[in-house]
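Please look over the sequence and the model shown below before reading on. The report that follows takes up pockets, a helix, some strands and the overall build in turn.

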Amino acid sequence: MSERTCLAIILAAGEGTRMKSAMSKVLHPVGGLPMVAHVVRAASAAGVGDVALVVGRDADEVEKAARPHASGVSVQLQVERLGTGNAVLAARDAINKGYDDLIVLFGDTPLIDTAALLNARARLAAGADVVVLGFRPSDPTGYGRLIEEDGQVMAIREEREASAEEKKVGFCNGGLMAIRGDDALAMLEKINNNNKRKEYYLTDIVEIAHALGKLVVSLEVDATSILGVNSRVELAEAESLFQDKIRKKMMLDGVSLLAPETVFFSWDTEVGSDTTIEPNVYFGTKVKIASGVTIHAFCHIEGATIATGAQVGPFARLRPGADLREGSKAGNFVEIKKSVISKGAKVNHLTYIGDAEVGENANIGAGTITCNYDGYNKFVTKIGAGAFIGSNSALVAPVSIGNGSIVAAGSV
């Protein structure tokens, strides 16, 4: 299967009016990453070579969010909103390039499981022409039903089109689909709008495939992996599920979380083994933490690098560019931004360090601040190895404090 080429068509044009947002629905983040980027990452991990984004508004922003996570991304504009079948055909130019496999995904399903996509592709490689991902909710009301017979999916019936008997079926359409590339375009072009809403349903491809003698099968997946987000309530649910998953992974990888439900990670947070994280800690994006670190309670950390044996907090804030070296400390009510705190250096409490270089084993007294901004430009403060900065000192950049120097308390 690894030699089969694959195109992922990601439908990302939904307005998401229930989000009540000026921003396109698929750009709302889960774990600090736009939902559409989560979907692209899952597709790439499943061996997808190219991604066709079908977008409506915010096309540039959606492309910008997706592009770093796939080898090839093209953008297709859906001019009219005439259903999922119409949306997939908006990617006609990409489909025409010829792929062994096509996977149709939705940009608002951030928890999609790569394993499910790999299984769907494996079904295509084994001879299926269409693979429909389905799930079994506790209450199927409102979902399209998968109508099966003799191991094949015979039809997908939307609830508003379903008969009373079909509504009793508990196996529901997850929306995601894998299609063999050879005949995909021919089948897609046969979809019509002979339904109550006069829309083109991608689900009609199942009956079209059967009419052409094709094999259509289902693949059951966990409901959470295909959770679609259409409101802020569902966005919060997706965030909660994402956090539960990453917390579990962290603990299995050797990270101690004293109160897991109170710690929030981003999608790219890296934490080494034997690190302890106390309650109520938030990690923004681009955080890398080595092994043997202690993060005390009530810290906010983003864009920071923390080396082995360092200690942070409680009540500390590390902003982008904070670089804590081996055995260093940023204590309670300390804020550090774009600064190196070298090996063994201590910034114990009530201190702001910005645009600075703090040398090895230096000690920064309580209430010290680096005055790095003059209202127009920012300047660097350099504090030498072993220096001692007394409490309540204001270091007005640009300034350099030599190795082993002592700055008396209250100095400017």
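Which element supplies the largest share of the lining of the second largest pocket? In this predicted model, that share comes from α8, which gives seven residues to the lining.

## The second largest pocket

The second largest pocket holds about 690 Å³ of space, and 23 residues line it. Those that lie nearest its centre are His38, Pro110, Ile112, Phe242 and Lys245. Besides α8, the elements α1 (35-45) and β14 each supply at least two residues of this lining. By residue type, the lining of the second largest pocket divides into 11 nonpolar, five polar and seven charged residues.

## The largest pocket

In the largest pocket there is about 1,400 Å³ of space, and its lining is made up of 44 residues, of which Lys25, Thr84, Phe106, Asp108 and Asn230 lie nearest the centre. Two or more residues of this lining come from each of β1 (6-12), α3 (84-89), β10 (172-180) and α8 (232-252). The element that gives the most is β10, with five residues, while α8, named here among the contributors, is also the element with the largest share in the lining of the second largest pocket. The residues that line the largest pocket are 19 nonpolar, 14 polar and 11 charged.

## A helix with a buried side

Helix α2, which covers residues 59-66, has Val62, Ala65 and Ala66 among its residues, and these three are buried. Because they cover an arc of only 95° around the axis, they lie on the same side of α2. An α-helix has 3.6 residues a turn, so residues three or four places apart point the same way.

The face of α2 turned away from this buried side carries Asp60 and Lys64, which are exposed. What covers the buried residues of the helix includes the helix α1 together with β1, β3 (33-34), β4 (50-55) and β5 (72-77).

Ile156 is part of strand β9, residues 152-157, and, since its relative accessibility is 3% and the cut-off for a buried residue is under 20%, Ile156 counts as buried. Leaving aside residues up to four places away in sequence, Ile156 touches Val132, Arg145, Leu146, Asn173, Met177, Thr203 and Val206.

Strand β7 (residues 130-135) and β11 run parallel and are joined by five bridges. Strand β11, which spans residues 216-220, is mostly covered, with four of its five residues buried.

## An open sheet of eight strands

Eight strands form an open sheet with parallel pairing, and their order is β14-β17-β20-β23-β25-β27-β30-β33. The edge strands of this sheet are β14 (270-271) and β33 (399-401), each of which pairs on one side only. Strands of a sheet pair through backbone hydrogen bonds, either parallel or antiparallel.

Strand β24 (residues 329-337) pairs in the parallel sense with strand β26 (residues 346-354), and seven bridges link the two. Within this pairing, the bridge partner of Ala330 is Val347 in β26. The strand β26 also pairs, again in the parallel sense, with β28 (residues 363-364), here over two bridges, and in this case Lys346 has Asn363 of β28 as its bridge partner.

## The protein as a whole

The protein contains eight helices and 34 strands, and its C-alpha trace spans about 85 × 40 × 40 Å along the principal axes. Of its 412 residues, 52% count as buried. Among the contacts with a separation of 6 or more, 45% are accounted for by residues 24 or more positions apart.

How values were computed. Residues are numbered from 1 along each chain as its sequence is written. This is a predicted model: local features need pLDDT of at least 70, side-chain atom pairs count only at pLDDT 80 or more; totals for chains, interfaces and linings use all residues. Side-chain values use heavy atoms; hydrogens and water are left out. Two strands pair if DSSP finds at least two bridges between them. On a 1 Å grid over the protein atoms alone, a cavity is a set of points where a 1.4 Å probe fits but cannot get out, and a pocket is an open set with protein on both sides within 12 Å along at least five of seven lines; lining residues have an atom within 4 Å of a point. Grid points are joined across faces, edges and corners, and a volume is the space filled by probe spheres set on the points. Ala, Val, Leu, Ile, Met, Phe, Trp, Tyr, Cys and Pro count as nonpolar, Asp, Glu, Lys and Arg as charged, and the others, Gly among them, as polar. Buried means under 20% relative accessible area, exposed over 50%, partly exposed in between (1.4 Å probe, protein chains only). The arc is that of the directions from the helix axis to the C-beta atoms. Contact means heavy atoms within 4.5 Å.
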